[in-house]
Amino acid sequence: MDDAHHLIVHTEATNVNDINALAGLAGAAKETLALPVESEAPTEVLADMRWQGEGPLPKAHDATNLQAVEGLGMAPLVAERKQTRRGRTTESGYGPREFVYDADQDCYRCPADRQLTTTGKWYQRRGKDGGVGSGKRFRNYRSSVEVCRQCPLYEQCVSAAGRRQRHGKVLTRQEHAGAVERNHERLKDRPEVYPRRQAIVEHPFGTLKRSWGATYTLVRGLEKVDGEFSLLACCYNLRRSVSILGVLELVRRLKGRFSAEIVALWAVRGSNWSVVKRFRADFRRILKVRRAQPIFA
């Protein structure tokens, strides 16, 4: 959705988990709007809490997906779920939010200002069947049990299982966890930006579902549903454009757009005319077919 005019920029129907779809949608929208690759003021991408996955923060957003959006030269602002403060119990120990990551030294600092260091080795999450799983890489950051036992916060920090197994504190950090932290900082520094998302995205849904009655699809199959919603989005954009520009100005601009495309087609007529003639007979037969009467207006 476009913030300036409430126009639908890109649509895509999927039948899989859309947790990793944000970067692809943002890239398609950027291509449609012909946004510059690099800009002093990057385009902000607002998304709700369903674009969430695993990360260094509890229930944080998918780090790889946020990193991909930043790689497009855009600034994602994705909502975070409110967390319950369970990290200070003796059973689970302190959570990742209690620690501070030092990017210069590549280590974590605990509440007692001690370091959790890493060997630099990357690990990969495995699926339940022993397969590759999500394929996301992470590192472990540890503190020795000798150091932790000397800390007055040992009982609160290390989990009960860690104390029984005589382990120090261990944290995991995903490969692109920095993107999650930058997203968190953007939300904290600009709390007035994200609430606009609901006002932006609800405009077409209110029109399509309440005013036009498009509360469900009339077809089945991913490709057909994608086509049906694309038609709805096109109709919405036309109707919205009439409200913004007026009928006469919209018609003038559409004529100018199609006239330019026709001129471009005639420019390549000489090289591609043989292809056009090959399908010309088929086009004529299609045009002679009698159109069926519509079943609804």
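Q: At roughly what angle do the axes of helix α7 and helix α8 cross?
A: Take α7 as residues 196–211 and α8 as residues 222–245 of this predicted model. Helices here are DSSP runs (H or I, at least four residues), numbered from the N terminus. Axes are lines fitted to C-alpha atoms over the stretch in contact, with angles from 0 to 180 degrees between N-to-C directions. The two axes come within 11 Å and cross at roughly 105°.

Q: Which residues make the contact between α7 and α8?
A: Contact means heavy atoms within 4.5 Å. From α8 come Phe229, Leu232, Tyr236 and Arg240, and from α7 come His203, Pro204, Thr207 and Leu208.

Q: Is Ser241 buried or exposed?
A: Ser241 sits in helix α8. Leaving out residues up to four places away in sequence, Ser241 touches Leu7, Gly246 and Leu250. Buried means under 20% relative accessible area and exposed over 50%, with a 1.4 Å probe and protein chains only. Ser241 has 15% relative accessibility, so the word is buried.

Q: What volume does the largest cavity have?
A: A cavity is a set of points on a 1 Å grid where a 1.4 Å probe fits but cannot get out. The lining of the largest cavity has 14 residues, with Cys110, Cys148, Cys151, Cys157 and Lys169 nearest its centre. Its volume, the space filled by probe spheres set on the points, is about 110 Å³.

Key:
Residues numbered from 1 in each chain as written. Predicted model: local features only at pLDDT ≥ 70, side-chain atom pairs only at ≥ 80, totals over all residues. Heavy atoms only, no water. 1 Å grid on protein atoms, 1.4 Å probe; cavity = no way out; pocket = protein on both sides within 12 Å on 5 of 7 lines; lining within 4 Å. Helix = DSSP H or I, 4+ residues; strand = E, 2+ residues; numbered from the N terminus.
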